[in-house]
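Please open the model in your viewer and keep the sequence panel at hand.

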Amino acid sequence: MNYISDILYWISTGLLVPVIVVLIFLFGRSLLLIGSFFGQYLAIRRTASLIGRELDGLDKVSVAALGNRLPSKNPSLVVVYMKRLLDAGDNAALRQRLLADFEIEADRDLSTSKMLSKMGPMLGLMGTLIPMGPALVGLSTGDIASMAYNMQVAFATTVVGLFAAAIGFITQQVKQRWYLQDLANLEFVADLLDNKTEGR
C-alpha cells in the first residue's frame, strides 16, 4: 500500500512544473485576449450602429441594395457574412449553409474564452493541491521555510488560474451576446431574401 501511495505522490509532484508552465501560458493568453477583445469591442460598436440603421427600414424590396450600403473594407464577421448572403441570390440552401458557417466561425472565436474559463480553475486547483503535500511534510518535520515556500506556490497558482478563468468567462458572456445579435440580423436578412424569392 505504501508503494502505491509513493507512486501517486511522485506522479502528482511531477505534475507541478507542467501545471505551472501551462498556467503561465494561460495568463499570457488571457492578457492577449483582453487586447483583442477591446479592439473587437470598438469595431462592433461601429458596425452595430451602422447595421442597426440599415436594417430598421429594410423590406424585401430594398434588401437587394443593402450590399451597396455596407462598408467594403469592414473586417467584421457579420458584415462579411451579410455580403455573402446577399451574393447568394436565389439559392436558399446556400443561405442556410452561410448561417451555419457563421455559427461555426462564432464558436471558433469563443473557443479561447471557453478554454480559459474551464482550464483556469482546473489547473489552479491542481497547482494548489500538489504543493500542499510537501507543505504538510515540512510542517510535520518542522521545516517552516519549505512549508512557507510550498504554500506560496499553492496560493500563486490559485490566483493565476482564477484570473485567467475570470477573463475567459467575462469575454465569453459578452461575445455570446454579440454573436446572438449578429445571427439575428443575418437571419432577418435571409428571411427577407426568401420572401423576395417567393414573391416573384
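Select S12, T13 and G14 in α1 together with L16, V17 and P18 in α2: these residues form the contact between the two helices. By class, this contact of α1 with α2 comprises three nonpolar, three polar and no charged residues. The model is a predicted one. Now display the whole of helix α1, residues 2-14; its axis lies 4 Å from that of α2, and the two pack at an angle of about 25°. The angle therefore makes α1 roughly parallel to α2.

On the α2 side, select L16, V19, V22, L23, L26, R29, S30, L33 and Q40. On the α5 side, the contact residues include D109, T112, M115, L116, M119, L123 and M126. By class, the contact of α2 with α5 has 11 nonpolar, seven polar and two charged residues.

Finally, keep α5 and select helix α4, residues 77-87, whose axis comes within 10 Å of that of α5 and crosses it at roughly 165°. Helix α4 is therefore roughly antiparallel to α5. The crossing of α4 past α5 is right-handed. Which residues meet here? From α4, highlight L77, V78, Y81, R84 and L85; from α5, highlight R95, L98, L99, D101, F102, E105 and A106. This contact of α4 with α5 divides into eight nonpolar, no polar and four charged residues.

Conventions
Residues numbered from 1 in each chain as written. Predicted model: local features only at pLDDT ≥ 70, side-chain atom pairs only at ≥ 80, totals over all residues. Heavy atoms only, no water. Contact = heavy atoms within 4.5 Å. Nonpolar A, V, L, I, M, F, W, Y, C, P; charged D, E, K, R; others polar. Axes fitted to C-alpha atoms, helices over the stretch in contact; angles between N-to-C directions. Parallel < 35°, antiparallel > 145°, perpendicular 65-115°, else oblique. Left-handed = near helix turned anticlockwise from the far one by under 90°.
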